[in-house]
Amino acid sequence: MNRRPNKSVTDDDALLFREAIGEVRRFNDAPLPPAAPRPAPRARQFEADEAAVPKELLDLAFDPALMEMGEELSYLRDGYPPKLLKQLKRGQFSVQDDIDLHQMNLAAAQATILDFLAHARREGIRCVRIVHGKGLRSKAQGPVLKMMTDRMLRRLDDVIAFASARPMQGGTGAVVVLLKGR
């Protein structure tokens, strides 16, 4: 785009312009209309954050097992590296077989665990899961099957380590057990 050079307006040009447009009448300055009231401020980011909460809760970006602190079972036999228990807690071992003790009395649950672990030993299974439940219906005596499972597994020579399962495997209502190999 080409620009024309800026020529200054001469007196003759100004006079010619005034004659061409005629007499000029000034407008009276009218008062400005009153300004419209501003809307009340709105915390849009707060509203967006609050609206996002239900979706974030459904995504479960946190580990629900951490909310049940103090109810986890864990044990590592002396002579084994602590890393082994850490790996078990993180779910780095594949569960090869499992059993559910729900609806069993104490004696039946003990016999079932012994039979189950004997079967695992015969089959060469190294990692099992025992679902004992959380003991929510055990009333004042606490989680009977859970406490029995804990005591029993600590006494068995074949057990290297055990830890409460990951949430998707039963959480604090189940225990993953690592067994000695042949």
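Modeller: Happy to! Contact here means that heavy atoms lie within 4.5 Å. Please keep in mind that this is a predicted model. Let's start with Lys-146, which sits in helix H5. Setting aside its neighbours within four places in sequence, Lys-146 is in contact with Glu-71, Leu-73, His-132, Gly-133 and Thr-172. Lys-146 is buried, yet it has no salt bridge. Glu-71 has the nearest side chain of opposite charge, 4.6 Å away, and a salt bridge would need a side-chain nitrogen within 4 Å of a carboxyl oxygen.

Now for the core. The largest nonpolar core has 21 residues, and Val-128, Ile-130, Leu-153, Phe-162 and Val-177 touch the most other members. Helix H5 is one of the elements that supply at least two residues each, together with H4, E3, E4 and E5. H4 gives the largest share, five residues. A second, separate core of 12 residues includes Leu-85, Ala-163, Ala-174 and Val-176. In soluble globular proteins, nonpolar side chains tend to be buried together.

Apart from neighbours within four places in sequence, its contacts include Phe-116, Leu-117, Ala-120 and Val-177. Val-128 belongs to E3 and stands opposite Asp-97. Strands E2 (residues 97-100) and E3 (residues 127-131) pair in the parallel sense over four bridges. With helix H4 (residues 106-123), these two strands make a right-handed β-α-β unit.

Key
Residues numbered from 1 in each chain as written. Predicted model: local features only at pLDDT ≥ 70, side-chain atom pairs only at ≥ 80, totals over all residues. Heavy atoms only, no water. Pairing = 2+ DSSP bridges. Right-handed = clockwise from strand over helix to strand, strands pointing away. Core = buried A, V, L, I, M, F, W, Y, C linked by side-chain atoms within 4.5 Å. Buried < 20%, exposed > 50% of the residue type's maximum accessible area, 1.4 Å probe, protein only. Lys, Arg positive; Asp, Glu negative; His and termini not counted.
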